[in-house]
Amino acid sequence: MKNFRALSGATAAALSLALLTGCGGGADAAALPDGWDTLDTKSLSVGYPAGEGYKEQPAAERSKHNAAVALKEEGGLRTGMVSVQLNFATGVDDAAEAASAAGAVIGIGATRKDTSDVRLNGEESARQARRINYEFTSSGEERTPEQGTRMTGVMVAGVDSKGVPFLVRINAVKDALSEDELDTFVESITVK
C-alpha cells in the first residue's frame, strides 16, 4: 500500500472541491480523487482507489450481507477492503441508532477508538451519519493477513432517504492508510 500515499495531493484537491461544491442542499455528489472509482448501491455510493489496486468484487464472490465490496490484494492476501451493507439492522430510524447497531458488529477483540458525527454528501434528509474508528487483529482466515496482524477499521453508519440503514466499512493493515486517506474514503460517500 506504499503507492497509496501518493494520493495525498489529489486527495487535498478533491476535498477542496468537495467543500466548494458540497455547500448547499440537495443531492450533491462527492468529488473523487483521480484514479478512484465508485461502488454504487441503491442507498449510497462510496469511492475506492482503483488506481492503487482495489478492485470491485463480483456479486457471486461476496458475502450475501454485502451490497458492494472493493478489495485490495497483495501477495494473495486481502490487505484492504471497502464494503457496503444495507438494511443491516431492524428498528433503526436515524444515524445514532445505526451507529449503535454497527458498534455491535465490530467484534470481540476489537478496540473502539472513537465515534464522531459526520455529514455526508447527497440527499439532505440522509446526510447525517456516525463514524466509528476501531482496530482489530486479523484472524488469518479467508486470505486475510497473517493471524495477529493489527488492522485499522472505520465504519460509517446512517439511514438513507428512504429509511434504509446503511453501514460502510473500510479495513486495512494498520498504518497502511494515513488519517487523511481514511478521511478521503469517508468524504467519498454520497447518500441517496
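Which residues do ring pairs link into a cluster? I began with this point and found W36, Y54 and F185.

**Entry 1: basis of the notes.** I worked from a predicted model, in which local features need pLDDT of at least 70, side-chain atom pairs count only at pLDDT 80 or more, and totals for chains, interfaces and linings use all residues. Residues are numbered from 1 along each chain as its sequence is written, and side-chain values use heavy atoms, with hydrogens and water left out.

**Entry 2: aromatic rings.** I searched the whole structure and noted 3 aromatic pairs. Rings of Phe, Tyr and Trp (its six-membered ring) pair if their centres lie within 6.5 Å; planes under 30 degrees apart count as stacked, over 60 as edge-to-face and the rest as tilted. I looked up W36 with F185, a tilted pair with 5.0 Å from centre to centre and 50 degrees between the planes. W36 lies in the loop between α1 (8-22) and β1 (37-40), while F185 belongs to helix α3 (residues 179-187), so this pair ties together parts 149 residues apart in sequence. Helices (H or I, at least four residues) and strands (E, at least two) are DSSP runs, numbered from the N terminus. I recorded both W36 and F185 as buried. Buried means under 20% relative accessible area, exposed over 50%, and partly exposed in between (1.4 Å probe, protein chains only).

**Entry 3: the sheet.** I traced an open sheet of 7 strands in the order β3-β4-β5-β10-β9-β8-β6, with antiparallel pairing. β3 (54-56) and β6 stand at the edges with a single partner strand each, so one side of each is left without a neighbour in the sheet. Neighbouring strands of this sheet are turned by 20 degrees against each other on average, direction ignored. For such angles, axes are lines fitted to C-alpha atoms, for helices over the stretch in contact, and angles run from 0 to 180 degrees between N-to-C directions. Two strands pair if DSSP finds at least two bridges between them. I noted that β6 and β8 pair in the antiparallel sense over 8 bridges, and that T115 stands opposite I132 in β8.

**Entry 4: a residue in β5.** I located S83 in strand β5 (residues 77-86). S83 is buried, at a relative accessible area of 3%. Leaving aside residues up to four places away in sequence, S83 touches N66, A68, V69, L167, V168 and R169; contact means heavy atoms within 4.5 Å.

**Entry 5: salt bridges.** I counted 10 salt bridges, each being a side-chain nitrogen of Lys or Arg within 4 Å of a carboxyl oxygen of Asp or Glu. I first examined R143 and E73, whose closest N and O atoms are 2.3 Å apart. R143 lies in the loop between β8 (128-137) and β9 (150-159) and E73 in strand β4 (residues 68-74), so the pair ties together parts 70 residues apart in sequence. R143 is partly exposed at 40% relative accessible area, and E73 is partly exposed at 38%.

I then turned to K113 and E135, whose side chains meet in a salt bridge of 4.0 Å, N to O. K113 lies in strand β6 (residues 111-119) and E135 in strand β8, so the pair ties together parts 22 residues apart in sequence. K113 is partly exposed at 47%, whereas E135 is buried at 12%. I also found K113, E135, R150 and K174 linked in a network of salt bridges.

R119 is partly exposed at 45%, and E124 is partly exposed at 37%.
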